[in-house]
Amino acid sequence: MATPSTRGRPDEKQREKSHETPREAQQARPQHPPATAASSEAHDRSRVEVRRSARRSRTVSAYREGDRTVVLIPARLSHAEEQRWVAQMLEKLAAQERRRVLGDDALMARARDLSAAYLDGRAQPVQVRWVTNQNSRWGSCTPSEGTIRLSHRLQGMPEYVLDYVLLHELAHLLVPDHGPAFWALLAAYPRTERARGYLEGVVSAARLPHIPGARHGASSPPDPAASCG
């Protein structure tokens, strides 16, 4: 069975991570936060965790952990330096994520690859696109029109999570409910449970509605990971 191409994408096991060296960076940058750092205010600072280490003497690192950002800094840095580096690392991570966000055309190509790999090419969407008006679900589809819409909140999440939501919606083009036939379609994707666990963690951390198990027949609530219209 063919597998969708992942050429040019980070390994799913790798965390989105940035590194800087304070001394070298200070030589190249002014002591005050760069002008672009203002845009980092869009990030919720309550979801930033700063970890100080006496063994870390030179570098500052940052990575995404679920919906949190972890910033690793040397213990010797002052509070003002900490704030400056948090702003810089948030901006750098955001820039990295912007560069690797798929456009709508790339999403369509990805959906076709996933359909070919896991659904024998039977799911043929007419349109796949990002939307910004879905805050209580990760994706939705309209089988009668062959359209799939993905929440912009998926942007920057690991590739296997995006693939799961895309495949979830593709399966809904074939089976509109969450019954056994639907989950049988998703059984071929090896990272279904891992992706659902990741999304459940994001939902829990953000205090969003709980993602139910959805694997216990018609009596289970619908899975808000995706929905059909």
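Author: A residue is called buried when its relative accessible area is under 20%, exposed when it is over 50%, and partly exposed in between, with a 1.4 Å probe and protein chains only. The model is predicted, so local features need pLDDT of at least 70 and side-chain atom pairs count only at pLDDT 80 or more, while totals for chains, interfaces and linings use all residues. Residues are numbered from 1 along each chain as its sequence is written, and side-chain values use heavy atoms, with hydrogens and water left out.

Reader: Why is Ser115 called buried?

Author: The relative accessible area of Ser115 is 1%. The cut-off is under 20%, and therefore Ser115 is buried.

Reader: What makes Leu173 buried as well?

Author: Its relative accessible area is 18%. This value also falls under 20%, so Leu173 counts as buried. Buried residues make up 46% of the 229 residues in the protein.

Reader: What makes the pair Ser115 and Ala123 a polar contact?

Author: A polar contact is a pair of N or O atoms within 3.5 Å; within protein, one must be able to donate a hydrogen and the other to accept it, and residues adjacent in sequence count only if both atoms are side-chain atoms. A polar atom of the Ser115 side chain lies 2.7 Å from the backbone oxygen of Ala123, so the distance is within the limit.

Reader: Which residues does Leu173 contact, beyond neighbours within four places in sequence?

Author: Contact means heavy atoms within 4.5 Å. Among the contacts of Leu173 are Ala123, Gln124, Cys141 and Ile148.

Reader: Why is a group of residues called a nonpolar core?

Author: The name applies because the set consists of buried Ala, Val, Leu, Ile, Met, Phe, Trp, Tyr and Cys residues joined through side-chain atoms within 4.5 Å. The largest such core has 38 residues, and Leu150, Leu154 and Leu170 have the most contacts inside it. Helix H4 gives the most to this core, with ten residues. A second, separate core of eleven residues includes Val48, Val71, Leu77 and Val86.

Technical notes. Helices (H or I, at least four residues) and strands (E, at least two) are DSSP runs, numbered from the N terminus.
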